[in-house]
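Please look at the model first, then read the points below.

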Amino acid sequence: MKIPEFINKNSIMTGVAASPGIVIGQAYLVDRSKVEIFYQYLIDESFIKEEVERFKRAVQEAQSQCEEIKNDMPANLGEHTYILDTHLLILKDSMIYQATIDLIKHEKINAEWALKKAVDRAREMFEQIKDEYIRSRIKDVEYVSERIMRNLVGQVPENLAEIKDRVIIVAHDLSPADTTQIRLDMVMGFIINMGGKTSHTTIIAQALEIPAVVGLESCTRRIKTGDLIVVDGNAGHVVINPDEKTLRFYRGRQQSYESYQAEIVRCAYLPAETLDGHRLVVKANIEMFEEVAAVADHGGDGIGLYRTEFHYLSRRQLPSEEELFRDYRDVAQIIAPQPLTIRTVDLGGDRFASTLDWADEMNPALGLRAIRFSLKEKSIFKDQLRAILRSSTYGNVKVMFPMISGLGELLEAKEVLEEVRQTLSREEIEYNPNMEVGIMIEVPSAVVLADVLAGEVDFFSIGTNDLIQYSLAIDRVNERVAHMYEPLHPAVLRMVKTVVEAGHAAGITVSMCGEMAGDPICAPILLALGLDELSMPNTAVPRIKRLIRMTSMNECQEYLDTILKCRTVNEVNRFVEEVIIKRFAIHPDVVARGIRE
């Protein structure tokens with residue numbers, strides 16, 4: 001949503017829209033300024049032993065503090081205790097713990113300086129990692145080391161539990177451990193210097209549905225405790241000490257957005273059925289076990305995409321079959337009888353956190369990734385397929401192969417699956433022999449061959465994020481061309497139409513699980529194109545179901561007839577803005593967070 005010109009007369013900051021919603025309130029600055037570190041050379045050998053012991057005591061103290069926070073964690077954050085477990089592991093990880101002790105001994109320096117050097121080295125290692133999620137985990141290491149540092153210098157940590165008034169938390173960085181100390185009923189919002197879409201503050205804020213803006217870089221320098229601030233978690237804006245006209249504007253938007261959200265959530269449990277009786281299945285995408293409960297809370301008809309990369313990205317060792325099985329089994333049991341579609345790992349060797357020895361690739365997006373990687377590393381692939389098959393007896397589990405580009409790849413993947421089935425049978429391990437098998441359609445060659453591929457699978461799922469990127473040759477993270485990433489490009493719409501027609505001709509279900517599926521602007525068009533299912537982030541489910549219930553297939557078909565005659569994406573966008581947004585009263589804040597970003 002475009003900000004009115006008068007708001008720019010205020011002090012305004014722009015960051016990452018981390019958690020939706022709008023709040024207006026007083027700021028509470030959490031002081032997390034760095035501990036001042038001094039350098040000391042230890043001449044006497046006896047000082048070295050003493051310094052090592054002092055460091056170990058500081059680590060033990062940090063361990064006790066983390067365990068205390070974990071034990072006191074509120075029930076509604078219980079599912080996030082794994083974050084504290086991660087911090088406890090880091091406390092004794094050789095990367096920091098042993099490295100610091102070695103530096104004290106070999107360089108004869110004090111514990112504070114040795115710890116700083118160990119963290120600096122760890123930071124350099126993390127900066128080499130290409131995967132954003134893993135790279136961002138350096139924040140956990142920094143948080144843990146800061147806690148040890150404070151213990152070393154005897155600095156008493158700020159007691160966040162003392163916050164007694166409803167405030168907006170302003171911080172340089174905020175770990176989940178910090179978050180658990182705060183009475184969350186006192187928190188109206190978060191604004192943070194650091195962080196991005198995958199930071200822990202973002203995850204926590206979204207889980208608790210607290211508006212948040214992160215990645216502001218300098219909010220702790222510009223805002224002080226007591227300042228009145230507006231946090232626009234939809235657009236990623238923060239306004240400091242707004243004038244009266246700006247306040248009235250945001251109060252109006254706040255009321256409008258909250259009314260809209262309340263209305264759509266109230267009806268989320270209703271089916272996504274059009275006025276003329278056409279039913280669309282609306283499912284949710286998830287990445288971690290912790291998100292499963294929210295699927296039902298937001299009215300999801302199951303899980304249409306379970307991304308399974310987390311277990312491979314969050315550790316240096318590959319996950320075992322048993323670990324994967326327990327995770328898939330638990331998700332299947334919770335979501336049952338609704339379906340669970342598990343996508344096999346969609347990574348390349350360059351992104352694994354493990355010690356796999358892979359050469360760098362010039363362009364990993366076009367390299368050895370997804371099903372190509374799985375077929376190259378069949379032992380890893382088989383472990384995952386065994387885990388998926390074993391979990392299939394605990395619910396309505398389906399398996400889906402990513403980035404299939406041709407029939408050869410699909411047949412080879414099915415051969416491996418059959419081989420795993422036979423092995424399980426010989427071992428007398430139970431599995432569902434009729435588990436459905438599907439593929440993601442996300443490269444242009446799969447669209448062209450959709451009629452051929454349809455004869456070999458039980459369902460298609462169109463992954464628009466990659467399909468658009470590969471079809472339009474647009475790198476979404478390249479700021480010079482990202483604006484050309486257009487889901488409503490006529491070529492994209494025609495490809496979706498081709499896949500749906502091919503799938504239905506073969507009698508299989510066709511779904512969509514990319515970002516486009518959760519955008520209300522696209523929903524009437526996708527309905528008319530004949531998609532059977534849409535799968536999207538949890539929070540998008542209520543608004544898509546609401547929109548479907550407001551319309552009829554005939555009305556949507558009329559829109560589609562007009563759109564398919566458009567020759568350019570500008571013509572399509574103009575029609576959407578002039579007709580669809582107005583017809584369905586799509587909230588401007590929802591549009592701001594949608595595909596137009």
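Val230 stands opposite Val239 of strand β8. The model is predicted, so local features need pLDDT of at least 70 and side-chain atom pairs count only at pLDDT 80 or more, while totals for chains, interfaces and linings use all residues. Residues are numbered from 1 along each chain as its sequence is written, and side-chain values use heavy atoms, with hydrogens and water left out.

**Strand pairing**
- Strand β7 (residues 228–232) pairs with β8 in the antiparallel sense over 4 bridges; strands (E, at least two residues) and helices (H or I, at least four) are DSSP runs numbered from the N terminus, and two strands pair if DSSP finds at least two bridges between them.
- The hairpin of β7 and β8 has 4 residues between the strands, and Gly236 takes a positive phi near 80° there.
- Strand β1 (residues 11–14) is also joined to β8, running antiparallel to it through 4 bridges.
- Thr14 has His237 as its bridge partner in β8.

**Faces of β8**
- In a regular strand, side chains alternate between the two faces of the sheet.
- In β8 (residues 237–240), His237 and Val239 point one way, Val238 and Ile240 point the other way, and all are buried (under 20% relative accessible area; exposed is over 50%, partly exposed in between; 1.4 Å probe, protein chains only).

**Phe325**
- Phe325 belongs to helix α13 (residues 321–335).
- Phe325 counts as buried because its relative accessibility is 6%.
- Beyond its neighbours within four places in sequence, Phe325 is in contact with Ala387, Arg390, Ser391 and Tyr394 (contact means heavy atoms within 4.5 Å).
- Phe325 and Ser392 are 67 residues apart along the chain, and their C-alpha atoms are separated by 9.7 Å.
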